[in-house]
Amino acid sequence: MQKKNMPPKKYNSEEERKAAAAPKRQNARQQETADQRAERLQRDSEAKRLKLDNETAEQRAARLLRKAETSRSRIENETAEQRAARLLRKAETSRSRIENETAEQRAARLLRKAETSRSRIENETAEKSAARLLRKAETSRSRIDNETAEQHAARLLRKAETSRSRIDNETAEQRAARLLRKAETSRSRIDNETAEQSAARLLRKAETYRSRIDNETAEQHAARLQHDAEAHSRYRRPTIRTNAIDLANINEKEIIEFYCGQMNESCEFCNSLNFMGERPPDRKFSACCHKGKIDLPEQDYPEYL
Ligand SMILES: [Zn+2]
């Protein structure tokens, strides 16, 4: 840095010269008192500021370029350990700065971040966009796969709260649009499901329903029966309702068995055997020969008839 103190040129580079001078300088610094040290740092700081204050635009640009190149060169040549250590220092510096920032600094930082992010997204190509969304999905899935039970519960709770908050604040149009999207998604999924998926869905639905019934309170039970009864009467056609037997409410134990006797009543006209219970009041059967009006020719019947 101090050109006037530079020794005769016997080094191949500035780095070599500094490396050679380092032990001597280090020794000198170990000898200095606290006051001398403070004085030296003050002197260096002033010299540096003076130099920066007086540099031209070109000098400034050149200095920043050198700095960037030095930095890039160092990064390109660093070992894995050096890289890890650098990123750790960077993260710590960043966290420390964030912890100590004021409310305004925080707001400004988040705004800059959002603008940078939006600008990058607006200018990205289709491929970059796809890659970004894929990375995002993978990061999200990886985080979900690795979350603890508490993190899982906390995430679902946050999700539910966000969702409820959004629903609470939506307009009538937003609500209608949301329900329409939901119905379309649901129908599309049902239309495209396999036979197994369909069976599994209906089973889940039945189980959910039964579970709800099993766990309902007395009030919920009464309300459900009332609701079902109203739904039944609403959807049944009046003509059927007045005449039809209420099959849903039949008690099988109360049904009287129908018995029409043995089939041993002989028709006086054709000698066919009939059930006693089907015998008309005038004792003349109609189902066989219509009370003798139909005269069937004699046929050869098998022996068991
Ligand atoms: Zn007969």
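Which elements of the protein chain have the lowest and the highest mean pLDDT? Helix α11 (residues 238-243) has the lowest, at 49, and helix α4 (residues 80-100) the highest, at 93. Here pLDDT is the predictor's confidence in each residue, on a scale from 0 to 100. Where pLDDT is low, the predicted coordinates should not be read in detail.

Residues are numbered from 1 along each chain as its sequence is written. The protein chain averages a pLDDT of 85, and 90% of the residues score at least 70.

Now for the overall layout. The protein chain has 11 helices and 2 strands; helices (H or I, at least four residues) and strands (E, at least two) are DSSP runs, numbered from the N terminus. Of the 305 residues, 0% count as buried. A residue is buried if 20 or more other C-beta atoms lie within 10 Å of its own, exposed if 12 or fewer, and partly exposed in between, with C-beta atoms placed from the backbone. Among the contacts with a separation of 6 or more, 2% are accounted for by residues 24 or more positions apart; a contact means that the C-beta atoms of two residues, placed from the backbone, lie within 7 Å.

Let us stop at two helices. Helix α1 (residues 14-31) has 18 residues, which should span 26 Å at 1.5 Å a residue, and its end C-alpha atoms are 25 Å apart, in agreement. The expected span is 1.5 Å times one less than the number of residues. α1 has a kink of about 40 degrees at A22, shortly before the proline P23; the bend is the angle between axes fitted to the seven residues ending there and the seven starting there. Helix α8 (residues 172-192) reaches 30 Å from its first C-alpha to its last, close to the 30 Å expected. The count of buried residues among the 21 residues of α8 is 0.

Finally, look toward the strands. C270 sits in the loop between β1 (265-266) and β2 (273-274). Leaving aside residues up to four places away in sequence, C270 touches C288, C289 and L296. C270 counts as partly exposed because it has 15 C-beta neighbours inside 10 Å. In the segment after β2 you will find H290, which has a positive phi of about 55 degrees although it is not a glycine.

Terms used. This is a predicted model: local features need pLDDT of at least 70, side-chain atom pairs count only at pLDDT 80 or more; totals for chains, interfaces and linings use all residues.
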